[in-house]
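Student: Please take me through the helix packing and the domain contact in this model, with the criterion behind each term.

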Amino acid sequence: MDKLDQFKLWSQELTHLRGISSILAWDQEVIMPPLGAEFRAQQRATLAGISHSKLVDPALSELLDELENEDLQELEQVNLRELRRQHEKALRVPETLVRELAEVSAIAYEHWVRARRDSDFSVFEPWLSRIIELKREEARCIALGGSSYETLMDEFEPSAKESQLEAVFSKVRPRLIELLQRIDGSPVRPKSLEGVYPVKEQDAFGRKILTSMGFDWNAGRLDTSPHPFCVGLTPNDVRITTRHTENDFSRALFGMIHEGGHGLYEQGLDEANYGFPVCDSTSLGMHESQSRLWENQIGRSRSFWEHWYPQLRKAFPGQLDHLSLDDFVLAINQVSPSLIRVEADEVTYGLHIIMRYEIEKKLISDEINAPDLPDVWDSKMEEYLGIRPSNAADGVLQDTHWSQGLIGYFPTYLLGNLYGAQLLNTASKEIPDLDSQTRSGNMSGLKEWLRVNVHTVGRALSASDLISKITGEDLSANYFLDYLDEKYSELYRL
Ligand SMILES: [Zn+2]
């Protein structure tokens, strides 16, 4: 077998192991009985161990070195570069640290669950302190050249620069605060959507919309789980989930559109490259751009509901009679500062993210420590959103990320909004009748545009290179901020 074939086999086996681990995770969230958890954790740990040893194998180092001297095609070079990146990062972290992080995170997660249930930060604090120490150490081991925070962020947003993020976020923060204050002063009051929305009809309606977005049911499925998510096992097997609430159809529906956006990205990866690093999303931020663009910019637009609102009213007879189309569009875009990130609207969401980003950066650079968190948290909430949590469960304990060692992850949520708005701005220039397509319920033009420009590219370009290539300029906050300004000025008559 020649060197390139050996490389392909190596890469494919790593991909298969990851796919198997994902199906175990999906099964755990969707259908596994509760008592299955303990042994399932062991099964997944075994798989993770096998993947890790394949990735750090000295024979792989040798193979990668030898291939450096071969005459490779462009795509092969991308695959080589990506696998080398993963290989070298994995090599730099000592196995003892990997194991300790896994063990401490598992225990920390349990303590976080209890701490949140009892709204008692002290239960979680010692474990979070340990996690932060371990993450600081991990960043020192990997040391990619920039700050420790930038090194940790690389796991989720490869090649992202902290300086670029800082420049963009520092522009977003004051503009969002200012917009929020203007909305707060508006006399416009959205009406309530509360009613009775049978789950079966919610499911059927959501599926109709997913179909119109181009979600391929022969290569994907929709199930229910406590926490909605999307996992792509392969481009031909993409699973999304949702959860329903009887008195409010909107949570499940916008959740489905959101996960559907993620799902389209996974289904759109070039299956000819399956088994290679290039057949993967380029970053979590870019992934989130796909979900937020569909959920908010399309799914909460007036144009979209011109087509779908009559059908929604038919699906739930009598429930929405008191709302005109304009009332409805205002209701699904209601802005109001709230304590919980996952329930936040489009305007306040970015502020929830920016405060987490600022806090975790200080944690990693040693400027603050775990015991400082509740106070730091509450003050920032007050400063940015004008509200103060009355307990830790609705404040610093609300998100699971830190308990699992996910530090540097939060910024990807806001990057998603920014990438999404910048992409849609270019898409609407390149698809001149995009708005009338949306108004007639035809989403195929946008889906195709995203497929060609974003999905099939996979990891061949980093997210920042991809944005520049598609839109002709570097990441800019302007598109997102202008979009919000325009939309909410109209809705709230500012
Ligand atoms: Zn998402």
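Tutor: The axes of helix α16 (residues 411–430) and helix α19 (residues 463–471) come within 10 Å and cross at roughly 20°. The model is predicted: local features need pLDDT of at least 70, side-chain atom pairs count only at pLDDT 80 or more, and totals for chains, interfaces and linings use all residues. Residues are numbered from 1 along each chain as its sequence is written.

Student: Why is α16 called roughly parallel to α19?

Tutor: Angles under 35 degrees count as roughly parallel. The crossing angle is roughly 20°, so α16 is roughly parallel to α19.

Student: What is the handedness of the crossing of α16 and α19?

Tutor: The crossing of α16 and α19 is left-handed, a term for a near helix turned anticlockwise from the far one by less than a right angle.

Student: Which residues make the contact?

Tutor: From α16 come Tyr 419, Gln 422, Leu 423 and Thr 426, and from α19 come Ala 463, Ile 467, Ile 470 and Thr 471. Being in contact requires C-beta atoms, placed from the backbone, within 7 Å. By class, the residues of the contact of α16 with α19 are five nonpolar, three polar and no charged; Ala, Val, Leu, Ile, Met, Phe, Trp, Tyr, Cys and Pro count as nonpolar, Asp, Glu, Lys and Arg as charged, and the others, Gly among them, as polar.

Student: How many residues of domain 1 are in contact with domain 2?

Tutor: The domain assignment gives domain 1 (3–153) and domain 2 (156–494). 41 residues of domain 1 are in contact with 40 residues of domain 2. The side of domain 1 that touches domain 2 has 21 nonpolar, 12 polar and eight charged residues.

Terms used
Axes fitted to C-alpha atoms, helices over the stretch in contact; angles between N-to-C directions. Helix = DSSP H or I, 4+ residues; strand = E, 2+ residues; numbered from the N terminus. Parallel < 35°, antiparallel > 145°, perpendicular 65-115°, else oblique. Contact = placed C-beta atoms within 7 Å. Domains from an automatic or database assignment.
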